[in-house]
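Biologist: Please walk me through the ligand site and the domains around it, giving your cut-offs as you go.

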Amino acid sequence: GSVTKDLHRKSFAMHEELAATLGLQSYRKIPVLSVAAGTQPKPARNCSWLDGCIASCSLMDKNLTAQVTPKELTEALVAAAVAKGARVVIGRVEGLETAQGPDGTVQVRAVVVDGKPMKADKVVIAMGPWSVLATDWLGLRVPMEGIWSTSVVYQHSGTDRTKEEPYALFCQEDDNGCHLEVYPRPNGEVYLCGIGGSKYTKPEEIKALAPEAVLPNPKRAAAAHASFSRMTSLGSQEPAKTQACMRPCLQDGLPMMGRVPATANAYIACGHNCWGILWAPISGLAMAELVV
Ligand SMILES: Cc1cc2nc3c(=O)[nH]c(=O)nc-3n(C[C@H](O)[C@H](O)[C@H](O)COP(=O)(O)OP(=O)(O)OC[C@H]3O[C@@H](n4cnc5c(N)ncnc54)[C@H](O)[C@@H]3O)c2cc1C
């Protein structure tokens, strides 16, 4: 019933279509279990790989959840765009070259990438938390916080176990300060987030931070490993990857999408908070309809 209800529903359906069109291997619908970790060895009755200390485990939803690995999705989307004639330039945008149009609006003429101006007819700022730079570039107020969180990935040997019983887990908060979300992937990896201790980052800090400096917090990765290995033998080895990302969260929790006021040809699409993977297809479609 929320204002974002349509974004959820339409984008959920679009993901299924995109996965088929792009031939994604990592997309699937997955049932979800609600789990509370215990302190004594007691396996779950309804999921054989939850073979550690489980206090309770119940079915939360059967077919309302789907997963896709963001790397595969984004790379496939870029490849599909390139196949249709798009050109990808990788670099750091340092600013915009603008001029005042005859009607008084600001017109973007070029995007400055690694010191070199690239001519632009239209510009869409879609830089997640770093979209706060639109304040310096175009005077747009972007009241954004970046929520900096660590996640881990296990490359476990029990692929068949999570293949036979593919469940995502939403876990209650535990005594390590984790409220784990566990997503076994079709390729045998197991991704964990919800590991607590996120850092709330203000706009001025975000501007000063290079995206590649968003590094994981080893203490939170260790806490996640302690919690996961207590619940299941899938966590018997250290995670293969620890990583971090920043969730772009605007003051009202809603995304900011549209033409930047008082400009002729600048647009913004940011602030997707904890829904940026789910909402990616519908946001792309909405922005394309607006811009093209
Ligand atoms: C731990 C965690 C779990 C999550 N789980 C889910 C989930 O289950 N479902 C879901 O839907 N969403 C989830 N999200 C949220 C989702 O990841 C974000 O909403 C989404 O990534 C936002 O996408 P974006 O493209 O707007 O920003 P980003 O993904 O942050 O991308 C911004 C890009 O801009 C680049 N950039 C920044 N500055 C510049 C510059 N000056 N020049 C050029 N490029 C620049 C950055 O390098 C980055 O690649 C999760 C987030 C986190 C942190």
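Biologist: By class, how many nonpolar, polar and charged residues does the shell around the ligand have?

Modeller: This is a predicted model in which local features need pLDDT of at least 70 and side-chain atom pairs count only at pLDDT 80 or more, whereas totals for chains, interfaces and linings use all residues. Residues are numbered from 1 along each chain as its sequence is written, and side-chain values use heavy atoms, with hydrogens and water left out. The ligand is surrounded by 20 residues, each with a heavy atom within 4 Å of it. Counting Ala, Val, Leu, Ile, Met, Phe, Trp, Tyr, Cys and Pro as nonpolar, Asp, Glu, Lys and Arg as charged, and the others, Gly among them, as polar, the shell has 13 nonpolar, five polar and two charged residues.

Biologist: How far from an oxygen atom of the ligand is the polar backbone atom of Gly276?

Modeller: A polar contact is a pair of N or O atoms within 3.5 Å. A backbone N or O atom of Gly128 lies 3.5 Å from a ligand oxygen, and one of Trp275 lies 3.3 Å from a ligand oxygen. For the polar backbone atom of Gly276, the distance to a ligand oxygen is 3.0 Å.

Biologist: Which domains each give at least three residues to the shell around the ligand?

Modeller: The bounds come from an automatic or database domain assignment, and the C-alpha centres of the two domains, domain 1 and domain 2, lie 31 Å apart. At least three shell residues come from each of domain 1 (1-23 + 100-143 + 251-292) and domain 2 (31-60 + 149-243).

Key:
A polar contact is a pair of N or O atoms within 3.5 Å; within protein, one must be able to donate a hydrogen and the other to accept it, and residues adjacent in sequence count only if both atoms are side-chain atoms.
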